[in-house]
Amino acid sequence: MLIGKSGKIPSSEITPEGMYLNRRQFIGKSAAVVAGASMGSGIGGSIEPENSQKDWSKVRSELDEELTPFDDVTSYNNFYEFGTGKSDPVRNAHTLRPRPWTIEVGGLCDNPGTYGLEDFIKPGNIEDRVYRMRCVEAWSMVIPWQGFSLKDVIDQAKPSGSARFVEFRTLHDLEQMPGQRYGVLRWPYVEGLRLDEAKHPLTMLITGVYGKTLPNQNGAPIRLIVPWKYGFKGIKSIVSMRFLEEMPMNTWKRSASHEYGFYANVNPDVPHPRWSQARERRIGEFRRRRTLMFNGYADEVASLYSGMDLRTHY
Ligand code: MTE
């Protein structure tokens with residue numbers, strides 16, 4: 001069990017004690033919410049994680065798993081905007097300019113706005129989370145992220161009663177993201193969550209990894225992580241968030257709806273049409289291990305789907 005009713009992660013999830021960065025209220029009521037806020041000012045080191053001196057070799061996941069080495073986390077990536085090979089993003093993502101950056105919050109909500117990154121992220125609000133990431137391609141990693149709960153942003157935006165989903169979009173810029181010149185996917189990359197999934201305490205917006213500012217290839221400056229879902233739900237380099245009544249069409253479902261669904265919950269019992277999802281290879285290991293229902297987070301999230309047929313809603 002990882003998360004109590006309060007949404008706090010027990011210290012067993014992240015060792016040792018005292019490593020949490022202060023969790024502070026997210027965007028204060030006074031946060032600037034103005035079009036183009038802070039454009040051009042950059043953010044300097046203001047949202048840098050403060051714990052880069054941490055001895056990561058002692059940190060393990062709550063299932064007592066070792067962390068995937070930093071070099072693997074940052075050089076074996078999926079980011080089609082920079083090429084379809086796993087080593088393309090680290091080679092090519094230098095063209096992305098993650099500062100300055102703005103994020104538009106809109107759709108069905110009382111408090112829409114365009115935020116400069118530094119207004120969107122409050123440094124003291126950032127906390128550590130060690131999450132397993134299970135890719136649909138049957139490999140996995142254990143990654144120490146730094147970020148904050150998506151719920152904080154949603155509460156600030158005040159979605160209206162009719163809003164049932166949140167849609168996210170990646171930057172669409174052929175100069176910064178040369179892979180968008182090719183039609184391998186429909187651009188920009190789009191993902192979505194049901195509102196209750198988005199507000200779940202495990203769902204995070206991520207700004208750092210291993211105590212360092214998020215590298216471009218991992219989705220700088222801000223990306224989503226939903227640890228009980230396949231990795232493709234973790235949309236990178238987010239520029240917009242919209243509240244919708246209807247389920248948004250996410251990129252991989254649009255690309256091949258018989259292979260990828262909207263929910264994309266990790267489920268070892270539902271094979272991908274071309275391969276089994278029962279086992280996975282942890283990057284850095286040879287052996288294959290059993291894939292866990294909801295990627296091991298069933299205690300926390302299974303109730304979100306009670307009554308739903310997760311074979312139909314894959
Ligand atoms: N986001 C965008 N914009 N473009 C992508 O190609 N790939 C997804 C997801 N987010 C992707 C993306 C997939 S398939 C996975 S498995 C994860 O990012 C990989 O995250 P990582 O490279 O940090 O491990």
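Strands S1 (residues 102–107) and S2 (residues 113–116) run antiparallel and are joined by four bridges. Strands and helices are DSSP runs, numbered from the N terminus, with at least two residues (E) for a strand and at least four (H or I) for a helix; two strands pair if DSSP finds at least two bridges between them. Valine 105 has glycine 113 of S2 as its bridge partner. Five residues separate S1 from S2, and the two strands form a hairpin. The model is predicted, so that local features need pLDDT of at least 70 and side-chain atom pairs count only at pLDDT 80 or more, while totals for chains, interfaces and linings use all residues. Residues are numbered from 1 along each chain as its sequence is written, and side-chain values use heavy atoms, with hydrogens and water left out.

The ligand is surrounded by 16 residues, a residue being near a molecule if one of its heavy atoms lies within 4 Å of it. The closest are Tyr80, Glu81, Arg223, Gly234 and Lys236. Polar contacts are pairs of N or O atoms within 3.5 Å. In one of them, a polar side-chain atom of asparagine 77 lies 2.9 Å from an oxygen atom of the ligand. A side-chain N or O atom of threonine 170 is 3.0 Å from a ligand nitrogen atom, and a backbone N or O atom of glycine 234 lies 2.8 Å from a nitrogen atom of the ligand. Of the 540 Å² of accessible area that the ligand has on its own, the protein covers 98% (Shrake-Rupley method, 1.4 Å probe).

Backbone geometry was examined in the loops. Most residues other than glycine have a negative phi, and most peptide bonds are trans. The peptide bond from tryptophan 187 to proline 188 is cis, with omega near -5°; proline 188 is found in the loop between strand S5 (165–170) and strand S6 (190–194). A cis peptide bond, with omega near -5°, also links alanine 220 to proline 221, and proline 221 lies in the loop between strand S8 (212–213) and strand S9 (223–225). Lysine 158, a residue other than glycine, has a positive phi, near 55°. Its position is in the loop between helix H4 (150–157) and S5.

Methods
Polar contact = N/O pair within 3.5 Å; in protein donor to acceptor, adjacent residues only side chain to side chain.
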